[in-house]
Amino acid sequence: MQEPPTLLIPLVVLVPFAVILALSRISGWNLLAEHYPGSGDFPRPSKWMGYGVFRGWLGYNGGLVVARDERGLYIRGTPILLSFCHRRIFIPWSEITTIEKLSPWTGEVFAIRTRRAPEVDFALRPGTFDVVADHARAAGVPGEY
């Protein structure tokens, strides 16, 4: 039996990490994190394995940890898998300009638009958005949700 080439083993290990790193840049996650860095304590998660969509098609399905409090929305990547290249995000409720319920070809989502990063197309799927909806309403975030 022939042994695999020694170069194959590092590729099998490194390629998934390279893809995840590329996705953090292509998706707009890094840009959102630049404008809304999540520093300090992350509140107790409201949703583990949350679902979100960037750019209308790039799904973070089961890859989000979402929390909320009276100050705003907290998002981070799942530990180990995404956290090494997806920085934490904290978006104050006052920075969200609107939340809009959409039904694109990828399924129903709640698009979240922000003041400092309006070019980032970011949305949460209904099951994930449900855990933050009441806090968004209480904070007076405009939208149809």
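Q: How much space lies in the largest cavity?
A: In this predicted model, the count comes to one cavity of 30 Å³ or more. The space in the largest cavity is about 40 Å³.

Q: Which residues line the largest cavity, and how do they divide into nonpolar, polar and charged?
A: The lining consists of G38, S39, G40, D41, F42, Y74, R88, I89 and F90. Ala, Val, Leu, Ile, Met, Phe, Trp, Tyr, Cys and Pro count as nonpolar, and Gly is among the polar residues. The lining therefore divides into four nonpolar, three polar and two charged residues.

Q: Which residue in β4 stands opposite Y74?
A: Strands β3 (72–77) and β4 (89–92) pair in the antiparallel sense over four bridges. Y74 and F90 both belong to the lining of the largest cavity. The residue in β4 that stands opposite Y74 is F90.

Q: Which residues of β4 are buried on its two faces?
A: Strand β4 is an edge strand of the sheet and pairs on one side only. In a regular strand, side chains alternate between the two faces of the sheet. Both faces of β4 are covered, with the buried residues being I89 and I91 on one side, and F90 and P92 on the other.

Q: Is A33 buried or exposed, and what is its relative accessible area?
A: A33 is found in helix α2 (residues 29–35). Leaving aside neighbours within four places in sequence, A33 is in contact with R87, R88 and I89. Buried means under 20% relative accessible area. A33 is therefore classed as buried, because its relative accessible area is 2%.

Q: What distance separates the C-alpha atoms of A33 and A117?
A: Along the chain, A33 and A117 are 84 residues apart.

Q: What is the order of the strands in the open sheet?
A: The protein chain has three helices and eight strands, and from the N terminus on its elements run α-α-β-β-β-β-β-β-β-α-β. The edge strands of the sheet are β4 (89–92) and β8 (143–144). The sheet has mixed pairing, and its order is β4-β3-β2-β1-β7-β6-β5-β8.

Q: How many residues of β6 are buried?
A: Strand β6 (residues 109–114) is joined to β7 (residues 122–124) by three bridges, and the two run antiparallel. With β5, strand β6 pairs in the antiparallel sense over six bridges. The strand is largely enclosed by the rest of the structure, because the buried residues of β6 number five of the six.

Q: Which residue in the hairpin of β5 and β6 takes a positive phi?
A: Six residues lie between the two strands of this hairpin. The positive phi, near 110°, is taken by G107.

Q: At what angle does helix α3 run to β2?
A: Helix α3 (residues 126–138) lies across β1, β2, β3, β5, β6 and β7. Its angle to β2 (58–68) is about 30°.

Q: What percentage of the residues of the protein chain count as buried?
A: The C-alpha atoms of the chain fill a box of roughly 65 × 35 × 25 Å, taken along the principal axes. Among contacts between residues at least 6 apart in sequence, 52% join residues at least 24 apart. Of the 145 residues, the share that count as buried is 41%.

Key
Residues numbered from 1 in each chain as written. Predicted model: local features only at pLDDT ≥ 70, side-chain atom pairs only at ≥ 80, totals over all residues. Heavy atoms only, no water. Pairing = 2+ DSSP bridges. Contact = heavy atoms within 4.5 Å. Axes fitted to C-alpha atoms, helices over the stretch in contact; angles between N-to-C directions. 1 Å grid on protein atoms, 1.4 Å probe; cavity = no way out; pocket = protein on both sides within 12 Å on 5 of 7 lines; lining within 4 Å. Points joined across faces, edges and corners; volume = space filled by probe spheres on them. Buried < 20%, exposed > 50% of the residue type's maximum accessible area, 1.4 Å probe, protein only.
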